[in-house]
Amino acid sequence: MAPRCDRTGMDRRAFLRTLGQVTLATAMGPALFEAFGSPAAAAVLRSGSLETTLPVGTPIVVLVTLDGGNDPLNTLVPVDDPWYYDSAYGHGALALPAESTLALTGTGYRLHPALAFLAERWNTVGDVAFVLGVGEHELQTFSHFDAMKLWQTADASLLEPRGWLGRYNDQVRPGNPMASVCLGFGPRLEGVGVTSPVLVVKDTSLFRFALPYAATSGFQAALDHMATSQENGLRGQVARLLGTTFAISDRVRGASDATVTDGDHPSITDQLLQAALLIRAGLPCQTYTTAFGPFDTHGDQLAMQGSLLADLDDALRQFFSVLAASDRRADVFVAIVSEFGRQVTVNGNVGTDHGQAGLSILVGGGVQGGLYGEAPTLDPGGVTRPNRLHDALVPTLDFRSLEATILTRLAGDSGVVSAVLGGSFETLPALPGGPAGPKRGHRGNAGRTGAPGGAQADRPAPSAKPRSGGPGMLPESRPRR
Amino acid sequence: MASTAAQVAHVWRRLGFGPAPGDVAAWTGAGPQALAAALLAVPPTGPADWAWPYTGDWTEVGKYEARLLELMATSPCQVQERMAFVLMGLLVTAFKENLQYEELKEHIGRLREGSLGPYATVLGQVTASTAMQMYLDGVGSTEEHPNENLGRELCELFGLGVTHPVTGQPCYTEGDVKEIARALTGYRLDWNVMHVYHDPSGWDAGPKTFLGAFRGAAGLPEVVQAVTAHPAFPYFVARRVYRELAGLPPDAATLEALVAAAGPGVSLLGLVQAVAGRPEFLSDAAIGARVKCPIELVVGALRVLQLGDLERFYLGWALTELQQHPFRAPNVNGWPSGSAWLHAGQLIQWSGVARMLCWSDDGSPGVPLAQQCPTIRALHASASGAAAGDLALALAGLVDPSAATLQAVRDYAAGGAWTFDRARAVMNLVLVSPEFLVN
């Protein structure tokens, strides 16, 4: 698509200058505010008694959602599995030749050619974990929006209005409007809580409420006065939001750094660079969320996914580069998820339709590199494909195990994790518990099935090609709230 | 209990894009029901009335954006404009690779023409349209390898929903999606004219079974027919329209009443009439219960300020920054609604756009008529001091403001010499008040 500037003779930056301001904001969930929405909370915020700096050593997650359902088979490529190349039941015309992909030392997999940074990180630093077969079995939904909501809330009823990270922040940082940050389009449901609003950031440097060009004296005071409204309901919430916005704007704008963000970047790079700035500045936030896409590759998948993965890879490279000089570099990890995978066979548009089992990736501080979980079998099991769900790979790992793993790292306290997820879920040894709490034991067959080569003496044997069958990690039943 | 004036303002906001100066006062005597009846009686406009500017090609999309927003703000048939906007968020297409300005413009025109007719009709037209076929990969889907994208969203997002709004029963199965995908094969794009056509040689003409019945050698028309004849179809549409206009979740009895009123094919005008006639539509629970989305903010402000020559504002950019450009829906599910827009991003982003609009006319005699702001000029000329604060709120159609807002606006208006700058700053303040931000 051609740049928008061609359409109006004006580029985006010029337009923003016209506005004289902003693209950052705090965001509230669906009429949920309690503590934050109260005048008392706004007063606490302004008095400076709320935590404003995250202690160094506190784990931080940046959750990147590949919107639309990323194809796992062409991300972590099972080049040793002949079913992958099968023209009738495999990826056929979409299958990537092994020689075009990137080596992952010590595994039977190779990586999409656009993911050079991740491959390099696997092969040298060893802090990349691939979580195989992740998905859900309660709804078995092929709907983007039901699947997204399930991942975002960890609630199969789809009625929960709060996100899993929002509920975490309700527990550990209640009422802090900087506790949950969303980069780019937002707020995203994962971060929505009752007491912690989502801070939506597009550009830290532009977080400024626009005051009039003249007659400015008294304007700010008038807005402050509006914010004192004692009304209940929506109007009252908006009024109090005015006050809170002014209270946090300097803190956020202070994180900006033009030397980092200057230049034209793909959206995911912009978003991750803004996250890096806020992390570097010590914003009191352990949970950053963002998304980009669309990975909904119903057509022209090779070009579409390749371009998006290249953007992702470059964004990760720049993100970790900015953080390399920060004393928080060991605290930060990125979790890459998608609402589902894609079907195995190719449609008429040289794309793939909605699937089930997907792939998640963890990279960064604290991540124990390796392959985790069980790869779903690619063997269709016969012409009626009994081993698949409508041509989709069958999940072997409940996505809440991944979320429990991330939360355990953030909280270091299984009590918090159980309270957030409404029960106990198996955790993966890909991330040990955070430094503030005890490490949890791991049970079941969660664990590494392969590992990067070279750097670690205790590395298990390289995994063979993906196994057919075998015990999955989906539980018989899960505790419910 | 909301005042009559507040109910009148509410009708303007929900059946249109809010009151222009004088609109609330003009109807307070007759009352909200009379206003609703009058708005519903306005005949819809058509393509001949819309006078789209000659835009040459996509490089001049700004002219189109300006005209579209101008129509939304000034068309006499505000109900049509409101429902066309509802359809933009329901039958979604957006920029995508080769799907560009011309096709999207045609799509929005189709929604505008069909926005008060039977939903079944506009759904059928859109499903077969170039824009939708390109957006959801209908083009290129083959008999050998059918593409599920269009058929799935036709069921889930455009016609039925995952489950029946009343019974909770699943509306379709994955098997239905696969069979419908077969039926929708055979569409091709003529690249010379960028138009979709059906090529029977690429169509799966075999027998199919979907949505609970054997459908024979079904194609697209039969799929649309099956969807629109599905028991969930009228309930799906009624729930959506009720949520959009009333801003409340409908109960089963309400949906039954709406479905009965909408009739065969689900008349959108009939649904609007039925929703507006519900007692809860004018209830305190409904008034001000939604956060204005960006298009409601922009169009609402244009109505308040009565601004013309809109191309100068680059409002397409404004809507992109506010994250609701008509051609840039985030995904096939459209934009968030209601409280999802309740975040300080709205306050901050909107503060810039509101200031830009309010400061576009400096009040001098030399400003061309088309670029003058009649509302701010009237405010400056008609009042001063605290009374100007009251007048600014009234011009914006903000009835019964909170005590804090009323005091803040009055104090600010009286806080310095009554200049044109202060007049436009007062209006600027009113447009960022909580009262304006809710709908």
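Guide: Let us begin with a term: contact means heavy atoms within 4.5 Å. The model before you is predicted. In chain A, 72% of the contacts with a separation of 6 or more are between residues 24 or more positions apart.

Visitor: What is the secondary structure of chain A, and how many of its residues count as buried?

Guide: Chain A has 14 helices and 14 strands. Of its 481 residues, 63% count as buried, a word that stands for under 20% relative accessible area.

Visitor: Why are H5 and H16 of chain B called roughly perpendicular?

Guide: Helix H5 (residues 61-74) of chain B and helix H16 (residues 294-305) of chain B pack with an angle of about 65° between them, and their axes are 9 Å apart. Angles of 65 to 115 degrees count as roughly perpendicular. H5(B) and H16(B) are therefore given that description. The crossing of H5(B) past H16(B) is right-handed.

Visitor: Which residues make this contact, and what are their classes?

Guide: H5(B) contributes B:Leu69, B:Met72 and B:Ala73, while H16(B) contributes B:Ile295, B:Val299, B:Leu302 and B:Arg303. By class, the contact of H5(B) with H16(B) has six nonpolar residues, no polar ones and one charged residue. Arg counts as charged, and B:Arg303 belongs to the H16(B) side.

Visitor: What makes H9 of chain A roughly perpendicular to H18 of chain B?

Guide: Helix H9 (residues 233-253) of chain A and helix H18 (residues 344-358) of chain B cross at roughly 75°, and their axes come within 9 Å. Since the range for the term is 65 to 115 degrees, H9(A) is roughly perpendicular to H18(B). A:Val238, A:Leu241, A:Leu242 and A:Thr245 in H9(A) meet B:Ala344, B:Leu347 and B:Ile348 in H18(B). This contact of H9(A) with H18(B) has six nonpolar residues, one polar and no charged.

Visitor: How do you know that the buried residues of H12 of chain B line one face of the helix?

Guide: The buried residues of helix H12 (residues 220-229) of chain B are B:Leu220, B:Val223, B:Val224, B:Ala226 and B:Val227. Seen down the axis of H12(B), these buried residues fall within an arc of 160°, so they line one face. The face of H12(B) turned away from the buried side carries B:Pro221, B:Gln225 and B:Ala229, which are exposed.

Visitor: Where do B:Leu211 and B:Asp309 lie, and what is phi for each?

Guide: B:Leu211 lies in the loop between strand E3 (208-210) and strand E4 (213-216) of chain B. B:Asp309 lies in the loop between H16 and helix H17 (315-321) of chain B. Phi of B:Leu211 is near 50°, a positive value in a residue other than glycine. Phi of B:Asp309 is likewise near 50° and positive, again in a residue other than glycine.

Visitor: Which peptide bonds of chain A are cis, and where are the prolines found?

Guide: Among them are the bond from A:Gly186 to A:Pro187, with omega near 5°, and the bond from A:Gly293 to A:Pro294, with omega near 5°. A:Pro187 is found in the loop between strand E7 (180-183) and strand E8 (198-201) of chain A. A:Pro294 is found in the loop between strand E9 (287-292) and helix H12 (301-323) of chain A.

Notes
Residues are numbered from 1 along each chain as its sequence is written. Chains are lettered from A and ligands numbered from 1 in the order in which they are written. This is a predicted model: local features need pLDDT of at least 70, side-chain atom pairs count only at pLDDT 80 or more; totals for chains, interfaces and linings use all residues. Side-chain values use heavy atoms; hydrogens and water are left out. Axes are lines fitted to C-alpha atoms, for helices over the stretch in contact, and angles run from 0 to 180 degrees between N-to-C directions. Helices (H or I, at least four residues) and strands (E, at least two) are DSSP runs, numbered from the N terminus. Angles under 35 degrees count as roughly parallel, over 145 as roughly antiparallel, 65 to 115 as roughly perpendicular and the rest as oblique. A crossing is left-handed if the near helix is turned anticlockwise from the far one by less than a right angle, and right-handed if clockwise. Buried means under 20% relative accessible area, exposed over 50%, partly exposed in between (1.4 Å probe, protein chains only). The arc is that of the directions from the helix axis to the C-beta atoms.
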